[in-house]
Amino acid sequence: MTDTEKQLVHLVDDDEAIRHSASFMLRLAGYRVQTHPDGVSFLDKLDELETGCVLLDVQMPKMNGLAVQKALNERGCEMPVIVLTGHGDVSVAVQAMKAGAVNFVEKPYEKQVLLQAINEGFEHLDSLHQGALQKTEAEKRLSHLGPRERDILNGLVEGLTNKGIANSLDISPRTVEIHRANMMDKLGVDSLSAALRIAFAAGLGAST
């Protein structure tokens with residue numbers, strides 16, 4: 001495979017050390033990488049950039065990742081976005097997914113988790129040409145959920161933690177964990193981001 005045939009990742013992160021280490025790792029994994037030191041410079045060049053998968057840090061000066069993502073949406077950019085969030089920053093990850101990010105990865109990230117997310121990003125790019133996850137298919141999957149499992153998913157869509165969901169439903173965190181595991185099983189997913197993709201495709205959280 002020639003360099004021009006390799007898939008391209010746009011890495012947008014203000015941390016030079018992360019840009020260096022992540023781009024080195026991605027190149028070893030067979031991707032081409034273009035690095036961008038902040039969201040503003042990335043958006044300035046957007047019209048001339050080759051289509052690829054965008055790895056977007058949330059915490060950046062000048063313009064944070066969510067603002068960059070909003071600008072991408074406004075400009076009709078269809079490049080799949082994966083956001084890098086701080087550990088445990090569920091609400092930010094949910095906001096990003098609600099705005100159209102295909103996945104999120106918590107820092108410090110594990111290599112395989114990041115590569116899997118990027119792989120899903122490129123699959124999403126392919127699916128745009130075949131019609132992404134349709135609303136009817138998403139609704140069909142949600143129809144398998146029981147009332148309590150639906151409550152759990154609604155809580156996750158709102159960006160709540162397991163503890164926050166437990167408090168809002170007046171049940172124990174352990175009970176939330178059990179219902180959450182059942183919910184993931186019925187949806188046929190193994191990650192929060194995959195569950196959120198289905199929820200948003202079905203229109204959950206659209207008015208929040």
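Student: Which residues have the most contacts inside the largest nonpolar core?

Tutor: In soluble globular proteins, nonpolar side chains tend to be buried together. In this predicted model, the largest nonpolar core has 48 residues, and those with the most contacts inside it are F42, L153, M183 and L187. The largest share of this core, seven residues, comes from α10. Apart from it lies another core, of 20 residues, which includes A22, L26, V33 and A117.

Student: Which residues does M183 touch, leaving aside residues up to four places away in sequence?

Tutor: With those sequence neighbours not counted, M183 touches L145, E149, I152, L153, L156 and A195. One of these partners, L153, is itself listed with M183 among the residues that have the most contacts inside the largest core.

Student: Which residues of α9 are buried, and where do they fall when seen down its axis?

Tutor: The buried residues of α9 include V176, M183, M184 and L187. Seen down the axis, the buried residues of α9 fall within an arc of 95°, so they line one face of the helix. R174 and D185, on the other side of α9, are exposed. As for partners, the buried residues of α9 pack against α6 (135-142), α7 (147-157), α8 (162-169) and α10 (192-201). After α9 comes G188, whose phi is positive, near 75°.

Student: Which residues other than glycine have a positive phi, and are they buried or exposed?

Tutor: Two cases can be read here, each by taking the backbone angle together with the place in the chain and the accessibility. K62, which is not a glycine, has a positive phi of about 70°, and its place is in the loop between β3 (53-57) and α3 (65-74); K62 is exposed, with a relative accessible area of 71%. D170 has a phi near 60°, also a positive value in a residue other than glycine, and lies in the loop between α8 and α9; at 70% relative accessibility, D170 counts as exposed.

Student: Where is there a cis peptide bond?

Tutor: The angle to read is omega, which is about -10° for the cis peptide bond that joins K107 and P108. P108 lies in the loop between β5 and α5.

Student: What does H124 touch, and how far is H124 from P61?

Tutor: H124 lies in helix α5 and is partly exposed, with a relative accessible area of 24%. Not counting residues up to four places away in sequence, H124 touches P80 and V102. The C-alpha atoms of H124 and P61, which are 63 residues apart along the chain, are separated by 29 Å.

Notes:
Residues are numbered from 1 along each chain as its sequence is written. This is a predicted model: local features need pLDDT of at least 70, side-chain atom pairs count only at pLDDT 80 or more; totals for chains, interfaces and linings use all residues. Side-chain values use heavy atoms; hydrogens and water are left out. Buried means under 20% relative accessible area, exposed over 50%, partly exposed in between (1.4 Å probe, protein chains only). Helices (H or I, at least four residues) and strands (E, at least two) are DSSP runs, numbered from the N terminus. The arc is that of the directions from the helix axis to the C-beta atoms. Contact means heavy atoms within 4.5 Å. A nonpolar core is a set of buried Ala, Val, Leu, Ile, Met, Phe, Trp, Tyr and Cys residues joined through side-chain atoms within 4.5 Å.
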